[in-house]
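Dear colleague,

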Amino acid sequence: MALHLLTPPLPSSTPSPLPRRRASPSASASLAHPLRLHSRLRLTNPASRPAPGTRRAMSAIRSSLIEPDGGALVNLVAPPERRAALRAEAEALPRVRLNAVDVEWAHVLAEGWASPLRGFMREHEYLQCIHFNSLRLPDGGGIVNMSLPIVLAVGDADKDRIVAAPDVALAGPDGELLAILRSVEIYPHNKEERIARTWGTTAPGLPYVDEAITSAGNWLIGGDLEVLQPIKYNDGLDHYRLSPQQLRDEFDKRGADAVFAFQLRNPVHNGHALLMNDTRRRLLEMGFKNPILLLHPLGGFTKADDVPLPVRMEQHSKVLEDGVLDPETTIVSIFPSPMHYAGPTEVQWHAKARINAGANFYIVGRDPAGMGHPTEKRDLYNPDHGKKVLSMAPGLEKLNILPFKVAAYDMVAKKMAFFEPSRSKDFLFISGTKMRTFAKTGENPPDGFMCPGGWKVLVDYYNSLQTEEAAAAAAAAPATV
């Protein structure tokens, strides 16, 4: 029995090859049967669970999977029978070359994570996004959440070259054709406004800004996207990259009546596992029969000191192999989005994308999508604001938000446990920085902090980094006579 691997059907044609990322050693939503779903139920603590006998009145008979934003998943990948003609058309169009982060956003759009968005944002969509964190549906259909701008920047030379073209071809970093952007609209890229409204600061040192905005062009181009074929990275991890539709199909296959998503960009320690297992227990107590966990690590751009995706995926697999999480009720899949580290603004995007993937519960903790201030010794965001914003965000009303209790290492019980303020001296908080320091120095964390197999993956990774750094230093040293 495969413990952690969920492999979707192979695509019917050769996928678009892309170079490996830094640090790599990379429709309809209706279902076959209706299941119960708790609608608009938000839990702030276990005491908020519905009282016995009230669950049925609070439930609705509907699909086991929450409806995607806009009512149907967007799929922007051309069907196989159109691909040859589409490629021939793209060959004749003016061409814009994408960078690695642009490709990740094209991937996000192509599979419907940003449904109902059908391409890189035009100006009216961009303005709604940065000012209202939402998009208005046509014909009075309400609003959907959209807190991060999904845009494509070009420089002056590209702008002058494509200004008269209604459609343009999009190529990957290596020049391989990926897509056509149709009915193109060009508008100014006000970087300062974009940064200020997304991060709430224009302080230097914001990782995504340095990676994707500072050196970007002064113009944005929007339009309807048509992708030539499924985007793949050929990094040994593509079988983990399940689209929203593939995830929904798997939830249905497993008979899930609740799906709870856990987003992370760090290795899984036993505190995380405690939170996920406790969430499942709470859902069972609410009356759900088969809650399924979507363990959904972020797979796009991350800052340089984060653990690389291939290492994280190997570590996650050890967590399931060691039985810390139950393979029968857990799906591990990669979320292809880049990371902004934009706190309460970004966590709305993370939650909205999981709606489209079929999750009706979303676990949120302290300082989601946050980071330390880039120039001051403090958190960039209030650590409680992320979960508060999610409970109020426009367009997320149908998603059940599950704030979790703080977990720390209980030095008496010698395991990860929920923090008890009445005996705070018994608890040790092990930050991500401290965890990385342990792994780098070869010092073991307290017993019960992380499963042994998962910890070994991290130690081996940091040992390999130190070996590479030593070899590089030796090669750079001047020769002695």
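By class, the residues that line the largest pocket are 20 nonpolar, 12 polar and eight charged (nonpolar means Ala, Val, Leu, Ile, Met, Phe, Trp, Tyr, Cys and Pro, charged means Asp, Glu, Lys and Arg, and the others, Gly among them, are polar). Please keep in mind that this is a predicted model, in which local features need pLDDT of at least 70 and side-chain atom pairs count only at pLDDT 80 or more, while totals for chains, interfaces and linings use all residues. Residues are numbered from 1 along each chain as its sequence is written, and side-chain values use heavy atoms, with hydrogens and water left out.

A pocket here is an open set of points on a 1 Å grid over the protein atoms alone, where a 1.4 Å probe fits, with protein on both sides within 12 Å along at least five of seven lines, and lining residues have an atom within 4 Å of a point. The largest pocket has 40 lining residues, and Asn266, His272, Arg366, Asp367 and Gly432 lie nearest its centre. Several elements give two or more residues to this lining, including strand S10 (258–264) and helix H9 (270–286), but the largest share, four residues, comes from H13 (helices are DSSP runs of H or I with at least four residues, strands are E runs of at least two, and both are numbered from the N terminus).

After H9 comes Gly287, with a positive phi near 115°.

Best wishes
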